[in-house]
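Here are my notes on the inside of this protein, for someone opening it for the first time. Keep the viewer at hand and go through the points in order.

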Amino acid sequence: MNKVRGSAAEAVADIPDGASLAVGGFGLSGVPAALIDALYARGTTGLRVVSNNCGVDGRGLGVLLAAGRIARVTGSYVGENKEFARQYLRGELEVELTPQGTLAERLRAGGAGIPAFYTPAGVGTQVARGGLPWRYAPDGTVAVPSPPKETREFGGRPYLLEHGITTDFALVRAWRGDRHGNLVFRRAAANFNPLAAMAAGVTIAEVEELVEPGELAPEDVHLPGIYVQRVVTLSAAQAADKPVERLTLTASSARGTVRS
């Protein structure tokens, strides 16, 4: 039951080239940066990533993206990552954009063993009709378009069929965790992290604070250890490294208060 690994490098050592990878985080909040850096150092390439966004230039998944290690992304937001946009528009990266709520439910469904579900999100748009560019050709034409989605009516209202997502591995970040893999997420970090963890065959969690089994009250656990196979404890410096994707200053910042 002791799922703790000695280092992030040890925890990601068996992730092969071409693996599918669910990654938690929203912008730069709750991003498993230590595990991503360890995967970068290992040289793993051809990754098929499922994540809300792909980090920013030089941070989060942006590190792997800039190195050309990601082959395909399923996400809902390009964000502030100029390299992401460049690779996509140049035909170097395959991208499946999906509505944010649909992406969350696809991950949850995959983790719950639900192969597919119907949703009203995307009805009447190109998401339903197909033809969205998944990959561009070098000349700017669409090399791989999205397929049309099956539509069905319930109660007189149309819905789209969406498939659940499962991946080979997941990388997530938690505030607290124990040796059994039970995790607690803090504030905005409780975004895509639990969903990504549920969807994977092997989930690796980096935690800011490691506690002993029994120290976490059952009602405080956000993700039970059955979904987590490996746990890595962050150093104090790693736990404190929480960059802000876009810093917004108010007038009060001039008096020494900064809000983001």
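1. On a 1 Å grid over the protein atoms alone, a cavity is a set of points where a 1.4 Å probe fits but cannot get out, while a pocket is an open set with protein on both sides within 12 Å along at least five of seven lines; lining residues have an atom within 4 Å of a point. Grid points are joined across faces, edges and corners, and a volume is the space filled by probe spheres set on the points.

2. A word on what you are looking at. This is a predicted model, in which local features need pLDDT of at least 70 and side-chain atom pairs count only at pLDDT 80 or more, though totals for chains, interfaces and linings use all residues. Residues are numbered from 1 along each chain as its sequence is written, and side-chain values use heavy atoms, leaving out hydrogens and water.

3. Among the residues that line it are Gly24, Gly25, Gly27, Ser51 and Asn53. Here the classes are 3 nonpolar, 7 polar and no charged residues.

4. What about the open space? The largest pocket holds about 530 Å³. Of its 22 lining residues, Leu28, Ser29, Gly30, Glu208 and Lys242 lie nearest the centre. Strand E10 gives the most to this lining, with 3 residues (helices, H or I of at least four residues, and strands, E of at least two, are DSSP runs numbered from the N terminus). The lining splits into 9 nonpolar, 4 polar and 9 charged residues.

5. Which residues have the most contacts inside the largest nonpolar core? They are Ile15 and Leu171, in a core of 29 residues. (Such a core is a set of buried Ala, Val, Leu, Ile, Met, Phe, Trp, Tyr and Cys residues joined through side-chain atoms within 4.5 Å; buried means under 20% relative accessible area, exposed over 50%, partly exposed in between, with a 1.4 Å probe and protein chains only.) Helix H2 (33-42) and strand E10 (167-178) are among the elements that each supply at least two of its residues. H2 gives the most, with 4.

6. Ile15 deserves a look of its own. Leaving aside residues up to four places away in sequence, Ile15 touches Leu21, Leu39, Phe169 and Ile204, among others (contact means heavy atoms within 4.5 Å). Leu39 is also one of the buried residues of H2. Just after H2, Gly43 takes a positive phi of about 90°.

7. Finally, follow the strands. E10 runs parallel to E12 (residues 200-211), joined by 10 bridges, and Ala174 has Val207 as its bridge partner. (Two strands pair if DSSP finds at least two bridges between them.) E12 is in turn parallel to E13 (residues 230-233), with 4 bridges, and Ala205 stands opposite Val231. The loop between E12 and E13 holds Val221, which is partly exposed at 21% relative accessible area.

Terms used
Nonpolar A, V, L, I, M, F, W, Y, C, P; charged D, E, K, R; others polar.
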